[in-house]
Amino acid sequence: MNKKVLIGIIVAILVIVAVAIGVIVISHNNTKNNELSSINDNTLSGAEKSQNDNQGDTENTTKSGSKTLVVYYSAQNHTKAVAEKVAKNLNADIFEIEPEEKYSNEDLNWTNSNSRVSKEHDDESLRDIKLKKDTVDNWSDYDTVVIGYPIWWGVAAWPVDSFVKANNFDGKTVIPFCTSASSGLGQSGKLLEREANGGDWKNGQRFNERPSDSTIKNWTDSIK
């Protein structure tokens with residue numbers, strides 16, 4: 001065997017050995033990487049994954065935890081009927097504003113200048129109506145407050161003013177609605193906003209005395 005052939009064989013052997021060593025090193029590194037990946041996955045599925053899951057739960061709770069309250073005053077049950085349907089459509093709680101001294105049918109006779117509402121209309125100092133209860137349990141839980149009332153001489157029936165003045169609406173969205181045989185909502189919502197302590201007051205809705213269920217639903221769907 002000549003010298004050149006011998007050198008060629010030695011070089012070939014060295015190349016084979018080098019390739020074999022490289023394969024072993026790569027295989028070892030891949031094994032370590034797989035082990036490290038497994039550790040990371042296990043860690044994420046434990047403490048870090050639990051933290052991520054909790055963050056997701058918080059977001060869902062905040063979204064689904066939004067609560068709506070329907071507050072209403074009804075002199076002749078027209079507003080009550082609408083308020084109950086509004087509350088049902090919005091899956092909301094409901095609260096009735098009740099004067100300590102309830103208005104009788106004679107009190108509500110606006111064509112009689114000596115009736116209670118006529119006297120209160122003529123003398124604003126008489127409109128400070130005391131309520132049986134002017135605050136709502138768990139008031140701070142509600143993000144949205146829908147307020148319903150009949151229209152008296154173009155404004156909200158004054159028992160509603162007493163309720164609005166007694167509560168802090170900061171951080172709440174407030175949506176008024178009224179029932180009326182002929183008058184529109186007018187400035188009643190804006191006037192209540194002036195009386196209120198804070199709140200993001202939206203444009204309201206006027207219903208006739210006996211609106212259809214579909215009319216009410218169309219409105220509640222628009223404010224959800």
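Start with the lining of the largest pocket: its residues divide into nine nonpolar, 10 polar and one charged. Here Ala, Val, Leu, Ile, Met, Phe, Trp, Tyr, Cys and Pro count as nonpolar, Asp, Glu, Lys and Arg as charged, and the others, Gly among them, as polar. A pocket is found on a 1 Å grid over the protein atoms alone, as an open set of points where a 1.4 Å probe fits, with protein on both sides within 12 Å along at least five of seven lines; lining residues have an atom within 4 Å of a point.

Before moving on, a word on what you're looking at. This is a predicted model, where local features need pLDDT of at least 70 and side-chain atom pairs count only at pLDDT 80 or more, while totals for chains, interfaces and linings use all residues. Residues are numbered from 1 along each chain as its sequence is written, and side-chain values use heavy atoms, leaving out hydrogens and water.

Stay with the largest pocket and select Q76, W110, I151, W152 and E209: of the 20 lining residues, these lie nearest its centre. Two elements, α2 (78–90) and β3 (144–152), each give two or more residues to the lining. Helices (H or I, at least four residues) and strands (E, at least two) are DSSP runs, numbered from the N terminus. Strand β3 supplies the largest share, three residues.

Next, pick S118 in helix α3. Is S118 buried or exposed? S118 is buried, because its relative accessible area is 5%; buried means under 20%, exposed over 50% and partly exposed in between (1.4 Å probe, protein chains only). A polar atom of the S118 side chain lies 2.7 Å from the backbone oxygen of N112 and one lies 3.3 Å from the backbone oxygen of W110.

Now click N112, in the loop between β2 (93–96) and α3 (116–122). N112 is partly exposed, because its relative accessibility is 25%. Its side chain makes a polar contact of 3.4 Å with that of E106. A polar contact is a pair of N or O atoms within 3.5 Å; within protein, one must be able to donate a hydrogen and the other to accept it, and residues adjacent in sequence count only if both atoms are side-chain atoms.

Last stop: β1 (residues 68–72), where five of five residues are buried. β1 runs parallel to β3, joined by five bridges, with V71 opposite I147. β1 also pairs with β2 in the parallel sense over four bridges (strands pair if DSSP finds at least two bridges between them), and V70 has I94 as its bridge partner there.
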